[in-house]
Amino acid sequence: MISKYSKKEIFEKNGYLVGKNLIERSEIIQCRREIKNLQTKADSLRKSDTSDTIENSDFQIEPFLEKLEKKRKSPILRKIENTQDHSSVFYELARHDSIVSIVEEILGPDILLFRSTLMLKPALHGSEHAFHQDASYWPMDPPTLVTVSIAIDESTRKNGCIKIIPESHVSELKQWGKIAVPPELKLPRSKNGNNQNEIYLPLLPGSALFFHSKLVHGSGPNKSIHPRNTALYTYFTPAVSYRPHNGTPSSRIFSVISGLKGAKFFEITAE
Ligand SMILES: O=C(O)CCC(=O)C(=O)O
């Protein structure tokens, strides 16, 4: 069914948009293979006796599995940051036409990459992400970035798909505290934001959720025997300023995804 509203209008009203079948099956299979390669890289970091340890790398271990973790050669990963630096597959996925064309419809022609991450929810172990607004944690102003969450595996309620509160991107930014939730802790609903209007957004592999950096969102634990792996990219335009927190560098270099006169990188210095 064709909507009378543009993608930009739908995104601006609801704070999110779902794009179906954006990535081909063969590309998804390549992504799954690459996740296995990255897991092998994490295994070798664990074995390393140099200062290149997994603890000070972009590979983050599931925080609530310490006992189980120590006995394992292969770490149970929760996420990998800066995937565009670790993998050509995930570098290219950030630049995929089907994804970037929708981001351009929402944001315009000059697009920079703020973040490239793999969110990994291993079978039976992936932990919950409490409700939060990403923009509360990011040094970017105004908080008008767009994140794309691409389903590499089918994501369902049982394996911890994303949940959101529609239209919450128009509310004020709040302080949310810790996002990682231990399995035994059930947060009281009132503590975890007003989530009466939450909706779950299951996705088939190759489909993607585009959401505003102020949209309240989270995801459940993985209680299934199937992994739920997601490639996540956040985009913004040069209209957004970099406002570093204390102790962080006063300038940052971002990859250019489209526009900006064909440059590869763009440096932003804090005012
Ligand atoms: O995809 C998920 O499981 C949650 C992702 C999330 O909360 C985030 O990227 O901030």
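Two strands, S12 (217-219) and S13 (228-236), each supply at least two residues of the shell around the ligand. The model is predicted. S12 gives the most to this shell, with three residues.

**Ligand shell**

Around the ligand sit Met-119, His-129, Asp-134, Ser-149, Ile-162, His-217, Gly-218, Ser-219, Thr-230 and Leu-232.

| Class in the shell | Residues |
|---|---|
| Nonpolar | three |
| Polar | six |
| Charged | one |

**Helix H2**

Helix H2 covers residues 25-47, 23 residues in all. From first C-alpha to last it reaches 34 Å, close to the 33 Å expected at 1.5 Å a residue. Which residues of H2 are buried? They are Cys-31, Glu-34, Ile-35, Leu-38 and Ala-42. An α-helix has 3.6 residues a turn, so residues three or four places apart point the same way. The buried residues of H2 pack against several elements. The strands are S2 (59-61), S3 (77-81), S4 (111-121) and S13. The helices are H4 (83-86) and H5 (88-93).

**Nonpolar core**

The largest nonpolar core has 51 residues. Val-103, Phe-210, Ala-231 and Tyr-235 touch the most other members. S4 contributes the largest share of this core, six residues.

What does Ala-231 contact, leaving aside its neighbours within four places in sequence? The partners are Cys-31, Phe-90, Leu-93, Leu-118, Ile-150 and Ile-152. One of these, Cys-31, is a buried residue of H2.

Conventions. Residues are numbered from 1 along each chain as its sequence is written. This is a predicted model: local features need pLDDT of at least 70, side-chain atom pairs count only at pLDDT 80 or more; totals for chains, interfaces and linings use all residues. A residue is near a molecule or strand if its C-beta atom, placed from the backbone, lies within 6 Å of it. Helices (H or I, at least four residues) and strands (E, at least two) are DSSP runs, numbered from the N terminus. Ala, Val, Leu, Ile, Met, Phe, Trp, Tyr, Cys and Pro count as nonpolar, Asp, Glu, Lys and Arg as charged, and the others, Gly among them, as polar. The expected span of a helix is 1.5 Å times one less than its number of residues. A residue is buried if 20 or more other C-beta atoms lie within 10 Å of its own, exposed if 12 or fewer, and partly exposed in between; C-beta atoms are placed from the backbone. Two residues are in contact if their C-beta atoms, placed from the backbone, lie within 7 Å. A nonpolar core is a set of buried Ala, Val, Leu, Ile, Met, Phe, Trp, Tyr and Cys residues joined through C-beta atoms within 7 Å.
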